[in-house]
Amino acid sequence: MEAWQASECPTTRRDESVLEQGVPDPYRWLEDPDSPETQAWVTQQNNFTNKLLTASPVREKFVKRLTELYNYPKFSCPYKRGTKYYYYKNDGLQNQSVLYTQDSLESEPSVFLDPNTLTADGTAALGVTAFSESGKYFAYGVSRSGSDWQTIYVKRTADKTDTEEVLKWVKFSSIAWLHSDEGFFYARYPTPTFVEGDAEAPKAGAEVDANVDHKLYYHKLGTSQDEDVLIFDTPEEPKLMFGIEITDDGKYLLITVYKGTAPANKLYYAELAHFIGTRESLNVVKLIDNFEAEYQYITNDDTLFHVKSNRSADRNKILTIDIAHPAPESWKDLIPESTDVLSYACCFNQSFLLVCYLHDVKDILQVFSLDGKFLKELELPDIGSVGSITCRRKDAEVFYSFTSFLRPSSIFRVAPDGSTSVFREPIVNGFNPADFQSQQVFYNSKDGTRIPMFIVSRKTQQEHLDGSGAVYLYGYGGFNISLQPSFSVFRVVFMTHCNIAIAIPNLRGGGEYGEEWHKQGTFERKQNVFDDFISAAEYLVANKWCSPERIAISGGSNGGLLVGACANQRPDLFGCAIAQVGVMDMLRFHKFTIGHAWTEEYGNPDDAEAAAYIKKYSPVHNVQTEKPYPAVLLTTGDHDDRVVPLHSYKYIAALQHAHGKSEKQTKPLMIRIDCKAGHGAGKPTAKAIEETADIYTFIHHTLRLEWRDV
């Protein structure tokens, strides 16, 4: 890899006349992705970055080893629809997983839908999917180039041919079929004003326009989208979003209403007995018409609805609500709140509940009767995470996946008699779990809060802690999302050949200890998250895992914000910072695509009180000039319509302006902008390997790691 040449660092035009709330916004022009100047800037930045990365001899080693180890079969949990079973499988290096079908668990499978055939480069991915109740039809969404936009198609399961259905401009939607198979409900936005084509046009997903006016529609099978019936919307509150599902018995349509990403929603329902495909035939009842808590449907017995809720329960519980007697004082706790976080629940075999709890960031599976009585705990193979569960009330069996830092995702089956067995267990050639170890430690943050952290490493590194090692420190800390143990071939390659440890702290803002833990990292308390992450790095240094110059910090999306803020606040504590698809301009995040939904996490910058605390940590607005920065690599995608790339554009421009030509800045400040790529979901395997190879090459060079052929 070539040495950092400050004289070659790109410069970005500044317009000092542009202000945002009295604060200079000199790179506002980079918000226009279609301007020739922005496109020329992207080309210049990519050329600068690629010159350094492609010159490194270790990059091809990373590509080779990542490809070799990633080449093993990966399976999803199977599930039954109609008379057949379905599951996803990736042979190893396929860009997208393929959906297979089989008559029984023992019969020969056949390909049902292969998304790899949709485009030559693998950038079309399956999104939302749903089989009709009988299993005769399969509705599926296709996203392109990583965008959140999807187009829904319908396939006949008998002959695997598509119907004429093409439903465009679908985003943040589920698909809920009537049990009669006549049609389904879904959510979409109005056709964007910029469009001169359809949802598959290259422009779609590269725009920055705000997503507003979410609407629920009913689509009758065999008709055009123009004939779809609008069944619910809130024009008086255009930023609300909706979820939709149909109860297990097919009697009720459920509408969940969200005003952002906070774990709180309204819950409405409508009886379907007299629905004839018109809005007038649906009487929507506002069962819960406030945003005071979250309510997630599990199952129902006629008018008795069982829901997972955080109402008066930070760690969640299961409530029973009789919609015939809907007053809150009539609600009953079916499974009360416990000391662990109730993260998921489903009904199976007619009268049983499978409940997943999170205990100190490790999953526990328990079985209850439908009257709330504890029956037993399912023994899990290790300390780790339940990745996914497939179960329905009508099905007698359950499948779940399990993974840990040292165990690839394995599939388990719970039989009708309650016994559990391994259904599928992959083998990763070249990986020996006995060479590694994982541990959980606890450390104190700045304010004394006890924070858990996982550390995974080669055993030889653990045996020689003298401060000379290296650590890849990954964090998130937001949106009630928990970072749990999971297996990654990519991390195995990094640990094996570069002798680097992986550290993952469970920062406040996540969901590891319930809603109060989440709230401690939101709004004016967001600094707690940065303090937790900085304290994790200080713990690693104090305990001789590494020195500051041998720490690479990393995070994506909200975690990209974390990396940017911490690099600004403590540039002396890290040797390298990798921020992927980060939220960097905190004064304008709410103006683009779905950013307005995040005001429930960060606060609204248009509010003076919120703006005051947001300004204190916004990465774009807090680039300091006194100390040199660690090596910085930002990554983003030109079709990221979740966190639009302008965030990363502005931050790297600010960094390069402040330090790009400075003699004190001896480490590179760069950005990698991927084409036909989005926020991450559906990313083709080939692109994932290329991106990871670039990131690891950058860390290898800037932390001065040694490649070890093992």
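Biologist: Leaving aside neighbours within four places in sequence, with which residues is Val414 in contact?

Modeller: Contact means heavy atoms within 4.5 Å. By that criterion, and with those neighbours left aside, Val414 touches Leu378, Ala396, Glu397, Val398, Tyr400, Ser419 and Thr420. This is a predicted model, in which local features need pLDDT of at least 70, side-chain atom pairs count only at pLDDT 80 or more, and totals for chains, interfaces and linings use all residues. Residues are numbered from 1 along each chain as its sequence is written, and side-chain values use heavy atoms, without hydrogens and water.

Biologist: Is Val414 buried or exposed?

Modeller: Buried means under 20% relative accessible area, exposed over 50%, and partly exposed in between (1.4 Å probe, protein chains only). Val414 has a relative accessible area of 5%, so this residue is buried.

Biologist: How is a pair of aromatic rings described?

Modeller: The description uses the distance of the centres and the angle of the planes. Rings of Phe, Tyr and Trp (its six-membered ring) pair if their centres lie within 6.5 Å; planes under 30 degrees apart are stacked, over 60 edge-to-face, and the rest tilted. The whole structure holds 47 aromatic pairs. In one of them, the ring centres of Phe62 and Trp707 are 5.1 Å apart and the planes stand at 85°, so the pair is edge-to-face. Phe62 and Trp707 are both buried.
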